[in-house]
Amino acid sequence: MSTTPPDDRSQTTQEGRAQGQGAPRETALLVGVRWPSTAPPVVEEHLDELGLLAQTAGADVVGRIIQRRDRPDAATYIGKGKAKSLVMQGQELGCDLIIFDEDLSPSQHKNLQKMAGEDIKVIDRSGLILDIFGKRARSREAKTQVELAQLQYMLPRLSGLWTHLERQKGGIGTRGGPGETQIEVDRRMTRARIRLLQNDLKHIVSERATQSHRRQQAFRVALVGYTNAGKSTLLNALTGAQVYVEDRLFATLDTTTRKLALSDGHTVLLSDTVGFIRKLPHHLIASFRSTLTEVAEADLILKILDASSPQVMEHFEAINEVLGELGLSDKPSRVVLNKLDAIDDDGSLAQLQRQFPDAVVVSARQRLRLDRLEAVISQAYSQDFDQVQLRVPPEQSRLISAVYEALEVKDRTFDQDTTVLTVRGPRAVIQSFQSKLEGRV
Ligand SMILES: Nc1nc2c(ncn2[C@@H]2O[C@H](COP(=O)(O)OP(=O)(O)OP(=O)(O)O)[C@@H](O)[C@H]2O)c(=O)[nH]1
Ligand SMILES: [Mg+2]
């Protein structure tokens, strides 16, 4: 996959590529597999999404192939005969890429690449997603996380053939790790680079931990959702933030947090996070853990769904799957059905509301019903958070600094020798201090 380390990739080059300027667009043939249990429209929908991913990466789709199988073939995934005719079709169409919707094992990948020869690059869904993330990453943290995931994905795929091909071809699926100029790349060097990136990430995480410590006292809400669901639009609409919004996959990879002043006078922190997608490569999920700390530490997760998408249920499942992989399935959450304005038939809205009876229906772009969403946040806040007075007698004054660490102190007065702190914060934390202190208020 990649060629230049992300640090060397200039912003302009990335922007240029992202907008399809400069680098010529490649052409791609998509391959999907229909298992006995998969309904035909589902395979088509998955290939539609793969096509969008390919476009986002800078390739025009020139054809798609669906192969029926009972189970994957160990050597070539789709079977040797089919693989041969696939390559022939790719050659006839003059395409640069063959993209599999499913993930290929390193040996399947190698075998298929051998059959495809030097003019066609074989990649799988994970490789494609990693490529897009490589192009979209802007911050040091995102770039480090993406390169780490790319190298981990590549490590078992490194081979003589692979590096040889790297020298011949650039383009999609070949950026983001070692390569091109560094043709002697081998597993040892890749492992060393992985260790280096892991260390970098540790530093970034500890910087983030210091920042997030300051935020611990606030009630935190995380916007989570499928890519393109409207998370950034919603953050902008609610807080006046200016996060980049676009009708494309993975417009924003970085977490942005802004204060949201609720009409009840309380202030909470609202975070926009990286978009999810069906079968997000697990290396990416693992390395994006630090970006996703905002989700891990959130008091409330808002699952943003594009209510106008026919795949809304599948998107919901994909969100839950990723949250499960992050160990966050039990977090308090609410569903937000966005793009209300784009639903043209009342029947489908009614059906969605039956499927998600507790959902808040909004339009982030048209700013419709945002007050209802704020009311849901207020309600969650007041269920979890409390404001009380803590009376700290002089013999327990050592607790005062701990209170300051854990809670927001609104006021500090004295009643003779007793310090009276007016605090706000999570009910559970307040209760633990109350039980330590004598003379509860
Ligand atoms: N019709 C309609 N379009 C919306 C609404 N909210 C967002 N959009 C559009 O949906 C597209 C994606 O919006 P973003 O806010 O970038 O989506 P996101 O969830 O942040 O996407 P990623 O950053 O890719 O994960 C943009 O074209 C928005 O203008 C809405 O309420 N109605
Ligand atoms: Mg976004």
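Start with ligand 1 and select its shell, whose residues divide by class into 7 nonpolar, 11 polar and 6 charged; here Ala, Val, Leu, Ile, Met, Phe, Trp, Tyr, Cys and Pro count as nonpolar, Asp, Glu, Lys and Arg as charged, and the others, Gly among them, as polar. The model is predicted, so local features need pLDDT of at least 70 and side-chain atom pairs count only at pLDDT 80 or more, while totals for chains, interfaces and linings use all residues. Residues are numbered from 1 along each chain as its sequence is written, and chains are lettered from A and ligands numbered from 1 in the order in which they are written.

Of the 24 residues around ligand 1, Gly230, Ser232, Thr233, Asp247 and Gly275 come nearest, a residue being near if its C-beta atom, placed from the backbone, lies within 6 Å of the molecule. Helix α9 (residues 231–239) gives the largest share of this shell, 3 residues; helices (H or I, at least four residues) and strands (E, at least two) are DSSP runs, numbered from the N terminus.

Next, select the open sheet of 6 strands, which runs in the order β6-β7-β5-β8-β9-β10 with mixed pairing, where two strands pair if DSSP finds at least two bridges between them. Its edge strands are β6 and β10, each of which pairs on one side only. Within the sheet, β5 and β7 pair in the parallel sense over 4 bridges, and Ala222 stands opposite Ser271 in β7.

On strand β6 (residues 256–261), pick out Lys259, which counts as exposed because it has 12 C-beta neighbours inside 10 Å; the cut-off for exposed is 12 or fewer other C-beta atoms within 10 Å of a residue's own, for buried 20 or more, and for partly exposed in between, with C-beta atoms placed from the backbone. Leaving out residues up to four places away in sequence, Lys259 touches Thr239, Thr267 and Leu269, contact meaning that the C-beta atoms, placed from the backbone, lie within 7 Å.

Move on to helix α14 (residues 370–384), where the buried residues are Leu373, Ile377 and Tyr381. They lie on the same side of α14, because they cover an arc of only 80 degrees around the axis, the arc being that of the directions from the helix axis to the C-beta atoms. The elements covering these buried residues include β5, β7 and β11, whereas the face turned away from the buried side carries the exposed residues Asp371, Arg372 and Gln383.

Finally, select strand β4 (residues 121–124), where Lys121 and Ile123 on one side and Val122 and Asp124 on the other are all buried.

Notes
Two residues are in contact if their C-beta atoms, placed from the backbone, lie within 7 Å.
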